Amino acid sequence: MGGASRKRAGQRAEAHVAAVLVAAGWTLLARNWVCPGGELDLVVAKDGRLRVIEVKYRRRGGGHWELVGRAQQRRLVRATERFVAALPRAPAAVAIVVAEVRDGPGGLEIDWWVDPFDAA
């Protein structure tokens, strides 16, 4: 898969994840939020809970530990901290979620990995 087609597939996966979350009652607060040193694909909220969603598209399934390396984990944590600090009110709970998206027989399928790595 070339660079342009990989980017389109990633954007399609991100849009699909956002649509699934909104349909489940989550409010989309940010998409592709950028700060110095990091980017958050999606940020959603529901009932005082905040979820930072890192979307990874794969043609085949893998595992969350293969999807987000240590350096990217640190960037995600720092960007999440900056996003939360900029909010007018702190959420009751914050979690980083990796959404692994892949092509399935009926369309795109998602595996959710909630707090998949040690943020320390």
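Figure 1. Aspartate 111 is partly exposed, because its relative accessible area is 28%; here buried means under 20% relative accessible area, exposed means over 50%, and partly exposed lies in between, using a 1.4 Å probe and protein chains only. This is a predicted model, in which local features need pLDDT of at least 70 and side-chain atom pairs count only at pLDDT 80 or more, while totals for chains, interfaces and linings use all residues. Residues are numbered from 1 along each chain as its sequence is written, and side-chain values use heavy atoms, with hydrogens and water left out. Which residue forms a salt bridge with aspartate 111? The partner is arginine 102, and the closest N and O atoms are 3.1 Å apart. A salt bridge here is a side-chain nitrogen of Lys or Arg within 4 Å of a carboxyl oxygen of Asp or Glu. Arginine 102 also forms a salt bridge with glutamate 109, with the closest N and O atoms 3.5 Å apart. Is arginine 102 buried or exposed? Arginine 102 is buried, with a relative accessible area of 17%, while glutamate 109 is partly exposed at 31%.

Figure 2. Now look at aspartate 103, which forms a salt bridge with arginine 12; the closest N and O atoms are 3.3 Å apart. This pair links distant parts of the chain, since aspartate 103 belongs to strand 4 and arginine 12 to helix 1, 91 residues apart. Helices (H or I, at least four residues) and strands (E, at least two) are DSSP runs, numbered from the N terminus. Aspartate 103 counts as partly exposed because its relative accessibility is 36%, and arginine 12, at 44%, counts as partly exposed too. How many salt bridges does the rule give? The count comes to six.

**Figure 3. The aromatic pair.** A search of the whole structure finds one aromatic pair. Rings of Phe, Tyr and Trp (its six-membered ring) pair if their centres lie within 6.5 Å; planes under 30 degrees apart count as stacked, over 60 as edge-to-face and the rest as tilted. Why is the pair of tryptophan 33 and phenylalanine 83 edge-to-face? The planes of their rings stand at 85 degrees, with the centres 5.0 Å apart, so the pair gets that name. Tryptophan 33 sits in strand 1 (residues 27-35) and phenylalanine 83 in helix 3 (residues 70-86), so the pair links parts of the chain that are distant, 50 residues apart. Tryptophan 33 counts as partly exposed at 23% relative accessibility, whereas phenylalanine 83 counts as buried at 7%.

**Figure 4. The largest nonpolar core.** A nonpolar core is a set of buried Ala, Val, Leu, Ile, Met, Phe, Trp, Tyr and Cys residues joined through side-chain atoms within 4.5 Å. The largest one has 16 residues, and those with the most contacts inside it are Val17, Leu21, Leu42, Ile53, Val55, Tyr57 and Val101. At least two residues of this core come from each of helix 1 (3-23), strand 2 (38-46), strand 3 (49-58), strand 4 (93-104) and strand 5 (107-114). Which element supplies the largest share of the core? Helix 1 does, with five residues. A second, separate core of 14 residues includes Leu40, Val77, Phe83 and Ile96.

**Figure 5. Valine 17 and leucine 42 up close.** Contact means heavy atoms within 4.5 Å. Leaving aside its neighbours within four places in sequence, valine 17 is in contact with Leu42, Ile53, Val55, Ala99, Val101, Ile110 and Trp112. Leucine 42 lies in strand 2 and counts as buried at 0% relative accessibility. With neighbours within four places in sequence again left aside, its contacts include Glu14, Val17, Leu28 and Ile53. Leucine 42 and isoleucine 53 are 11 residues apart in sequence, and their C-alpha atoms are 5.0 Å apart in space.

**Figure 6. The whole chain.** The protein chain has three helices and five strands, following the pattern α-β-β-β-α-α-β-β along the sequence. Buried residues make up 39% of its 120 residues.
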